[in-house]
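Hi everyone, thanks for coming. Let me put the structure up on the screen, and then we can walk through it together.

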Amino acid sequence: MNCDKYYPYTAMPLPYALNALDPHISEYTMYFHYEKHYKGYVDKLNTALKDCPLMQNIPLECLTKMDNADIRNSAGGVYNHELYFSSLTPGGCEPSKDLQGKIKECFGSREELEKKLIASGMGIVGSGWVWLAMTREKHMVILTTCNQETIDLDRLTPLLVIDIWEHAYYLDRQNRREEYLQNVMKCLNFNSIEL
């Protein structure tokens, strides 16, 4: 993901067709998620920055930590969604040999990693995100954030993120968040992770 993005922001192209994640995530859900929610955050961020010329030269990831709530929340909505869409791929994919080794070292197995991701997603009260990240010591960790918050991007490198807002699953799964998370595991884009 290119984090060196600046105002005015444009929506990143979705890296696959809207229907490419079927049957795990429907075209209907992806349309609203990408076209309405994500692009809505891009528009809100541009509006929030329009009259703030000093902030227009700050990279997107830095805007996610601003004191200004409108800018911070909109920037988080853009940043988190772009990583989320990049964290998915049609049919999923296998981790590289090096990544398999790191997953085994940190979680025991891919199955255990997926169980922990699902459990973390189920543990969020309300809306938020589940992150797989790398520490400075090269240890993989799972973290959660609320609303449009990001993890500490100064100390951690995000590898994958899963959207736990209801708009990510409600049209397909209603209140069955765990079913959504199980389906996301079948679409994880391990090729997007660089160690």
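The protein chain exposes about 9700 Å² of surface, and carbon and sulfur atoms supply 48% of that area. Please keep in mind as we go that this is a predicted model.

Of the 195 residues in the protein chain, buried ones make up 51%. What about the overall dimensions? Along its principal axes, the C-alpha trace spans about 50 × 40 × 30 Å. A compact globule with 195 residues would have a radius of gyration near 16 Å, and because the protein chain has 16 Å, the two agree. Now look at the contacts with a separation of 6 or more: 66% of them in the protein chain come from residues 24 or more positions apart.

How many helices and strands does the protein chain have? There are seven helices and three strands. If you read along the sequence, the pattern is α-α-α-α-α-β-β-β-α-α.

Let's take the strands. The three of them form an open sheet in the order E2-E1-E3, with antiparallel pairing. E2 and E3 are the edge strands, each pairing on one side only. From one strand to the next, the twist averages 30 degrees.

Now please find strand E1, residues 128–135. Is E1 mostly covered or mostly open? Mostly covered: eight of its eight residues are buried. Gly-128, Val-130, Leu-132 and Met-134 point one way, while Trp-129, Trp-131, Ala-133 and Thr-135 point the other way.

E1 has a partner on each side in that order of strands. With E2, residues 140–146, E1 pairs in the antiparallel sense over seven bridges. You can check two positions by eye: Val-130 stands opposite Thr-144 in E2, and Ala-133 stands opposite Val-141 in E2. The hairpin of E1 and E2 has four residues between the strands, and in it Lys-138 takes a positive phi near 65 degrees. Turning to E3, residues 156–163, seven bridges join this strand to E1, and the two run antiparallel. There, Trp-131 stands opposite Val-161.

Which helices pack on this sheet?

Is Ser-74 buried or exposed? Its relative accessibility is 7%, so Ser-74 counts as buried. A polar atom of the Ser-74 side chain lies 2.9 Å from the backbone oxygen of Asp-70. Leaving aside residues up to four places away in sequence, Ser-74 touches Tyr-41, Lys-44 and Leu-45.

Val-78 is also found in H3. With a relative accessible area of 0%, Val-78 is buried. Which residues does Val-78 touch, again not counting those up to four places away in sequence? They are Tyr-38, Tyr-41, Val-42, Leu-45 and Leu-60. Finally, compare Val-78 with Gly-40: they are 38 residues apart in sequence and 8.9 Å apart in space, C-alpha to C-alpha.

Methods. Residues are numbered from 1 along each chain as its sequence is written. This is a predicted model: local features need pLDDT of at least 70, side-chain atom pairs count only at pLDDT 80 or more; totals for chains, interfaces and linings use all residues. Side-chain values use heavy atoms; hydrogens and water are left out. Buried means under 20% relative accessible area, exposed over 50%, partly exposed in between (1.4 Å probe, protein chains only). A polar contact is a pair of N or O atoms within 3.5 Å; within protein, one must be able to donate a hydrogen and the other to accept it, and residues adjacent in sequence count only if both atoms are side-chain atoms. Contact means heavy atoms within 4.5 Å. Two strands pair if DSSP finds at least two bridges between them. The radius of gyration is taken over C-alpha atoms; the globule rule is 2.2 Å times the number of residues to the power 0.38. Accessible areas come from the Shrake-Rupley method with a 1.4 Å probe; for residues, only the protein chains shown count as cover. Axes are lines fitted to C-alpha atoms, for helices over the stretch in contact, and angles run from 0 to 180 degrees between N-to-C directions.
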